[in-house]
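Biologist: I am new to this structure and would like to learn how to read it. Could you walk me through a few features, one at a time?

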Amino acid sequence: MEELIGKYFQPAEPVDIDRVTAKRVFTILGRLRDKRIKKIFNLKYMYGHKKNLSWKSVSRRMKLAPVTCIKLHETGKKYLKEKLAEYC
């Protein structure tokens with residue numbers, strides 16, 4: 001499983017964002033019907049660790065399969081891309 005995840009999904013690079021941008025991102029994610037997506041983004045990027053949590057750690061905390069977490073993350077990324085394009 002780990003090989004599959006590592007082969008097809010590269011780890012996210014850390015990105016510094018300000019609080020206003022983070023608040024906007026999480027407000028947008030909060031509009032989604034599937035509330036797990038917002039929680040996954042919170043765990044993956046904002047949990048308070050210096051490094052992003054691994055998909056394995058995120059999936060354990062969510063009690064989901066790693067692939068499910070990745071798919072939900074991809075759904076959130078697509079939605080954010082659409083909505084943030086409106087702001088630019």
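Modeller: Gladly! Keep in mind that this is a predicted model.

Biologist: Which residues touch the most other members of the largest nonpolar core?

Modeller: A nonpolar core is a set of buried nonpolar residues joined through side-chain atoms. Here the largest one has 18 residues, and L29, I40 and V58 touch the most other members. Two or more residues come from each of α2, α3, α4 (55–62) and α5 (66–87). With five residues, α5 gives the most.

Biologist: Is S59 buried or exposed?

Modeller: Buried means under 20% relative accessible area. S59 has 5% relative accessibility, so this residue counts as buried. S59 lies in helix α4, and beyond its neighbours within four places in sequence, S59 is in contact with L64, A65, P66 and C69.

Biologist: How do I read a pair of helices? At what angle do the axes of α2 and α3 cross?

Modeller: Angles over 145 degrees count as roughly antiparallel. The axes of α2 (residues 19–30) and α3 (residues 36–45) cross at roughly 155 degrees and come within 8 Å. Therefore α2 is roughly antiparallel to α3. The crossing of α2 past α3 is right-handed.

Biologist: Which residues make that contact?

Modeller: From α2 there are F26, L29 and G30, and from α3 there are I37, K38, F41 and N42. By type, the residues of this contact are four nonpolar, two polar and one charged.

Key: Residues numbered from 1 in each chain as written. Predicted model: local features only at pLDDT ≥ 70, side-chain atom pairs only at ≥ 80, totals over all residues. Heavy atoms only, no water. Axes fitted to C-alpha atoms, helices over the stretch in contact; angles between N-to-C directions. Helix = DSSP H or I, 4+ residues; strand = E, 2+ residues; numbered from the N terminus. Parallel < 35°, antiparallel > 145°, perpendicular 65-115°, else oblique. Left-handed = near helix turned anticlockwise from the far one by under 90°. Contact = heavy atoms within 4.5 Å. Nonpolar A, V, L, I, M, F, W, Y, C, P; charged D, E, K, R; others polar. Core = buried A, V, L, I, M, F, W, Y, C linked by side-chain atoms within 4.5 Å. Buried < 20%, exposed > 50% of the residue type's maximum accessible area, 1.4 Å probe, protein only.
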